[in-house]
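User: I'm new to this structure and would like a close look at one part of it, the place where the chains meet. Could you walk me through it in plain words?

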Number of protein chains: 2
Amino acid sequence: MEKTRALDSLSALSHEVRLDVFRLLIQAGPDGMSAGQIADALNIRANTLSNNLGILAQTGLVRSVREGRSIRYFAGMEAMRSLLGFLMQDCCGGQAEICEPVLNQIACNC
Amino acid sequence: MEKTRALDSLSALSHEVRLDVFRLLIQAGPDGMSAGQIADALNIRANTLSNNLGILAQTGLVRSVREGRSIRYFAGMEAMRSLLGFLMQDCCGGQAEICEPVLNQIACNC
DNA sequence: TCCATAATTCATGTAATAATGAATTGATTC
DNA sequence: GAATCAATTCATTATTACATGAATTATGGA
């Protein structure tokens, strides 16, 4: 992951609504949730949520699929894992072999 | 980890200087680096760096120890690990047992 | 075709963040 | 105890992000 994307990802998560949305989708797992379900669950206005979903989606931290007149959102586990990889890159003074196998397991079967 | 601290941590990392500093300290490992060494390595003014180290330190993402007239900084691996735990909490629709053992290994022997 | 629902886009006023120069605190050495 | 070096604090200015109300696009059903 390049630095610009890491910064965008971290910036996306450093906002209460977006953090709540991301964690909700993490917890929802493979089923995901529609925008309306997210708005109801977190009590957020539709346009505010839409803006923030867009910001998360730009980073890959959430993905979306249209289903009829709804749009279903999912946590982007791959983006999450590569963000963690970037943060921990060359950890511990070059002994990367200690950390990288761990990070490779964050995929979490979702 | 409570949400407020997670937001502060993510906000701290979503800034180019602070992200560079954090990753540099991750790479430096257990030896850490003095503020002056960090400033030299990243070509940052002393007061700018000091402000940003302070913001990182508030979150626990960096720790510091005075050594004579220098101050030595380290990456705060424990804070990092608990941030990841918060982000991934109750991952995958309640099947937390898939993810938590992985996160517990991020400690990375540093 | 017309209406209702789901979600997004746009425009605006407000508030939070950041970089810099100057001054200050703390620790060492002569 | 004066001088020096390392790091921090303070005050100012400029930039950026945010929430909201109103309008718009897209889909499905009557």
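How many residues does the contact take from chain B and from chain A?

Analyst: The contact takes 38 residues from chain B and 38 residues from chain A, where contact means heavy atoms within 4.5 Å. Before going on, a word on the ground rules: this is a predicted model, so local features need pLDDT of at least 70 and side-chain atom pairs count only at pLDDT 80 or more, while totals for chains, interfaces and linings use all residues. Residues are numbered from 1 along each chain as its sequence is written, chains are lettered from A and ligands numbered from 1 in the order in which they are written, and side-chain values use heavy atoms, with hydrogens and water left out.

Let's start with how the chains are arranged. Turn chain B by 180°, with a shift of 0.0 Å along the axis, and it can be laid on chain A with an RMSD of 0.1 Å; copies are superposed by least squares on the C-alpha atoms of residues with pLDDT of at least 70 in both. That's the relation of a two-fold axis. The same surface serves both copies, too: 100% of the contact residues of chain B recur in chain A.

Now for the area. About 3100 Å² is buried between chain B and chain A, and carbon and sulfur atoms give 74% of it. Buried area here is the accessible area (1.4 Å probe) that two parts lose on being put together, summed over both. On the chain B side, B:Arg23, B:Leu87 and B:Met88 lose the most area to chain A, together 17% of what that side buries.

The rule finds four salt bridges across the interface, each being a side-chain nitrogen of Lys or Arg within 4 Å of a carboxyl oxygen of Asp or Glu. One of them joins B:Asp20 to A:Lys3, with the closest N and O atoms 3.0 Å apart.

Which elements does chain B bring to the side that touches chain A? Helix H1 (3–13), helix H2 (16–28), helix H5 (77–87) and helix H6 (100–103) each supply at least two residues. Helices (H or I, at least four residues) and strands (E, at least two) are DSSP runs, numbered from the N terminus. H2(B) gives the largest share, eight residues. Sorted by class, this side of chain B has 23 nonpolar, 10 polar and five charged residues. Here Ala, Val, Leu, Ile, Met, Phe, Trp, Tyr, Cys and Pro count as nonpolar, Asp, Glu, Lys and Arg as charged, and the others, Gly among them, as polar.

Finally, a quick look at chain A itself. Chain A has six helices and three strands, and its elements run α-α-β-α-α-β-β-α-α from the N terminus on. Of its 110 residues, 46% are buried, meaning under 20% relative accessible area, with exposed over 50% and partly exposed in between (1.4 Å probe, protein chains only).
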